[in-house]
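Here are my notes on this one, as promised. Have the model open while you read, and go point by point.

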Amino acid sequence: MEFTVMHMDEPVAQVRISENKKQVSIKKLVPDSYKQPFCGDREDIFRVYDFLESRCYENGRADLAEILEAAGMRENNPWEWVKRTHGVVYDDFIWIRFPGENLAWKDVAIR
C-alpha cells in the first residue's frame with residue numbers, strides 16, 4: 001500500500017506500508033510546516049491511520065449511517081474513504097494521490 005500526500009499540486013510526503021502493516025515509511029518531501037501532515041520523526045501505522053482518519057467523516061456524526069449508505073459503504077473505513085475521495089476535505093489543500101494516477105489539484109478540489 002502506498003500513496004503520495006499532496007498540498008495542492010506539490011508532493012509533500014510519500015507513504016509506504018508493508019502488506020503485513022508492520023513496516024511504515026514516510027518520506028518527507030517538504031520540511032515540517034503547515035503543508036506537512038507528518039511533522040516530527042514518528043513513523044508507524046498508527047500515525048498513518050490517524051492521518052487517514054482525519055480525512056474522513058467523524059464516527060460520532062448523527063447522519064453517518066446515511067452518508068455511508070449513499071457511498072455504498074457498510075462501515076466508516078478510512079482507507080476506503082480516501083480511495084474514493086482522495087482524502088479531500090473542505091477546509092485545507094491536502095489530498096492523496098495513488099500510484100498510476102495523473103491527477104492535479106484542479107481534478108480533486110471541492111471548492
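**Notes on the model**

1. Starting with a cysteine: C56 is buried, at 14% relative accessible area, where buried means under 20%, exposed over 50% and partly exposed in between (1.4 Å probe, protein chains only). The other one to look at is C39, which is partly exposed at 35%.

2. Before going further, a word on what we have: this is a predicted model, in which local features need pLDDT of at least 70 and side-chain atom pairs count only at pLDDT 80 or more, while totals for chains, interfaces and linings use all residues. Numbering starts from 1 along each chain as its sequence is written, and side-chain values use heavy atoms, with hydrogens and water left out.

3. Back to the cysteines. A disulfide is a covalent bond between the sulfur atoms of two cysteines. Taking a disulfide as a pair of cysteine sulfur atoms within 2.5 Å, the count here is zero.

4. On the fold: the protein chain has four helices and four strands, with helices (H or I, at least four residues) and strands (E, at least two) being DSSP runs numbered from the N terminus. Reading from the N terminus, the order is β-β-β-α-α-α-β-α.

5. Overall dimensions look like this: the C-alpha trace spans about 40 × 35 × 25 Å along its principal axes.

6. Packing and surface next. Buried residues make up 36% of the 111 in the chain. Of the contacts between residues at least 6 apart in sequence, 33% join residues at least 24 apart; contact means heavy atoms within 4.5 Å. The accessible surface comes to about 7,100 Å², and 48% of that belongs to carbon and sulfur atoms (Shrake-Rupley method, 1.4 Å probe; for residues, only the protein chains shown count as cover).

7. For charges, there are 16 positive and 20 negative ones, and their mean positions are 4 Å apart. Lys and Arg count as positive and Asp and Glu as negative, without His and the chain ends; each charge is placed at NZ of Lys, CZ of Arg, CG of Asp or CD of Glu.

8. Please check two backbone spots. M8, in the loop between β1 (2-7) and β2 (10-17), has a positive phi of about 55° although it is not a glycine. K21, in the loop between β2 and β3, is also a non-glycine with a positive phi, of about 65°. Both are partly exposed: M8 at 33% and K21 at 45%.

9. Have a look at L29 too, in the loop between β3 (24-28) and α1 (45-54). Leaving out residues up to four places away in sequence, L29 touches P11, V12, A13, Q14 and Q36. At 36% relative accessibility, L29 counts as partly exposed.

10. Last, V108: buried or exposed? With 13% relative accessibility, V108 counts as buried. This residue sits in helix α4 (residues 105-108) and touches H86, V88, W95 and L103, again leaving out residues up to four places away in sequence.
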